[in-house]
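Please look over the structure below before reading on. The text then goes through the sheet, the helices packed on it and the nonpolar core.

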Amino acid sequence: MTTWPRRPAADWLSVTEARRRVLALVRPLPSESASLDDALGRALAEPVFAGATLPPWDNSAMDGYAVRGEDITGASSRSPIELAVLGEARAGVPWEGELGTGQAVRIMTGGPLPEGADSVVRVEDTDGEARTGWVQVRSDRDRGRNRRPGGQDMRAGDHLLPAGHRLDAAAVAIASAAGRSAVSVHRRPSAGVLTSGDELRGPDTFEDVGAGRGIPDSNGPMLVAACRELGICAVPLGPVADRAEAVRTSLEEARHSELDLLVTVGGASMGGTDHFRDVLGAMGAEHDFWRVRMRPGSPFSAGTLPRAGRAVLPILGLPGNPASAFVTFHLFVRAALLRQAGHRHVDLPVVTALARSELRGGVKLTHFLRVSLEADEGGLFAMPTGPPGSGLVRGLAGADGLAIIPQGVERIPAGGSASVMLLRLPSAGDLARLAPRGPQGEL
C-alpha cells in the first residue's frame, strides 16, 4: 500500500478482487469467555467438545413397560400375555436389577432401560395394570422397539461445534448439552460511521430539507443500524462539516478511540470540498485501492490508518449516495465486520430467481439491482423495487436481495435466470408471501 494520494488512479477492481483485498485488511479479534446468554449471535473462538455421553444409558422412547421381546411374542387383544410388574424407572431414576422371564418394569420416557430388557410396550397396548402388580400386554408390535441406545446423540469427547460457528439457539442447546455454561468467543467489533457534508440534515433541522437547503442524513442511521443488525457495536461519528480541520478532528478522534473499523461516507470525490483524501494522506494513512467495477457503489475505497503502539485502523470509504452506501455495505463492510467477529461464513446466501420483468445491466460494470422476491407455481421471481438511481432511498425497504447482473451482460430478459444475493432471511410472514400459491404451496 502507498500513502493516501490526493488524486489516486482508479484501480477498477473486480468485485471479487475488491472483496479479497478488503478481507485482507482485517483479521478475527481476540477471544474472551462469555456466558451462553452473552455469547448469543457471536462466533466461537474455540471448538466445543462433548463433556459426557448422551444419552448416558439405553432409555425408553415413550411411556410404557420395559420387557423382554421374546416374552410378548404373539400377544394380541384376544390372547394377551400377563407379566409381573417389578417396579418403575423414570428419567434419572433407574430400576435396579435384571429383568427375568415373564417380568416387566413400568417405565417413563427417558427412563433407563433395565438390564435384560430390549423392548418397551406402549401403554395403549396394555390394560394399564388393571390387576395390581400385573400388566396384560395386548400387542407384540413393539417387540424390539422404542429403545433409544446410549450415546446415540454424542460420545464424551466428540467434536460438536467448530471454531467460527455462530452461536444461535441450536448451538446454545448443544453447548449446554456439552456441560458448558460459558464458551470462548471472539470479541465483538466496534465500528465507527463517519458521514460528511454541509448539506446533511437530521430530524432537528429537517425544515431545511423542505426549503431546499439540505438533504436528509439517511446514511448515518442506516449504516449504524446495519452494523447493529449483525450484533456489531456501532458508533455514529457524523455528520462532519466539509472543512479540512473538522474532518481532521473527527479522524483523529477515531484513530485514538477503541474502534476496530472506520466507515467513512462521502467526501472522497474530486470536488473542492471533499477533504478525506488530503487529510488521510497528511495523517499517514495507507491507501489500498479506489474504484470497483460495479454499480451502484463504484467509488469505493479501502486503506488503513496507523495508530501508535496499536494495530492499524482499517478504513472503508463508501460513496455518499444512499443506494451506493447500502450496496457497498452489504458487499464489503458486512464481510469485514463478520471476519473481525470471527465468523466462518461472511458471505450473503445467493439464490436463483426468474426475472419478472427485464433487468438491465451494462457491459463494463457488474450491476446490483434492488429486487423484491415472489413465488408462485412457476418458481421464484425477482422484480425491481423501483428506479435504479443510486441517490434513491425508498426502494431499499422493499429489497429482499440484490440481483447480480454480471459485467458484460447488458440485460436479463423477463423470464431469464438471475442470481440474487439475499439481504435478509425470510421471516414467517415473508415465507407465507414467498410460498407458492395453490394446494401444493399451502403452509
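The paragraphs below take confidence first, then the sheet, then the core.

This is a predicted model, in which local features need pLDDT of at least 70 and side-chain atom pairs count only at pLDDT 80 or more, while totals for chains, interfaces and linings use all residues. Residues are numbered from 1 along each chain as its sequence is written, and side-chain values use heavy atoms, with hydrogens and water left out. The mean pLDDT (the predictor's confidence in each residue, from 0 to 100) is 91 for the chain, and 94% of residues reach 70 or more.

An open, mixed sheet is built from seven strands in the order E1-E18-E20-E21-E17-E13-E16; strands are DSSP runs of E, at least two residues, and helices runs of H or I, at least four, numbered from the N terminus. Strands pair if DSSP finds at least two bridges between them. E1 (2-3) and E16 (233-236) each have a single partner strand, so one side of each lacks a neighbour in the sheet. E17 and E21 run parallel and are joined by four bridges.

Helix H8 lies across E13, E17 and E21, at about 160° to E21. Such angles run from 0 to 180 degrees between N-to-C directions, with axes fitted to C-alpha atoms, for helices over the stretch in contact; contact means heavy atoms within 4.5 Å.

The largest nonpolar core has 43 residues, of which Phe 300, Leu 316, Leu 318 and Phe 332 touch the most other members. A nonpolar core is a set of buried Ala, Val, Leu, Ile, Met, Phe, Trp, Tyr and Cys residues joined through side-chain atoms within 4.5 Å, where buried means under 20% relative accessible area (1.4 Å probe, protein chains only). H8 gives the most to this core, with nine residues.

Key
Buried < 20%, exposed > 50% of the residue type's maximum accessible area, 1.4 Å probe, protein only.
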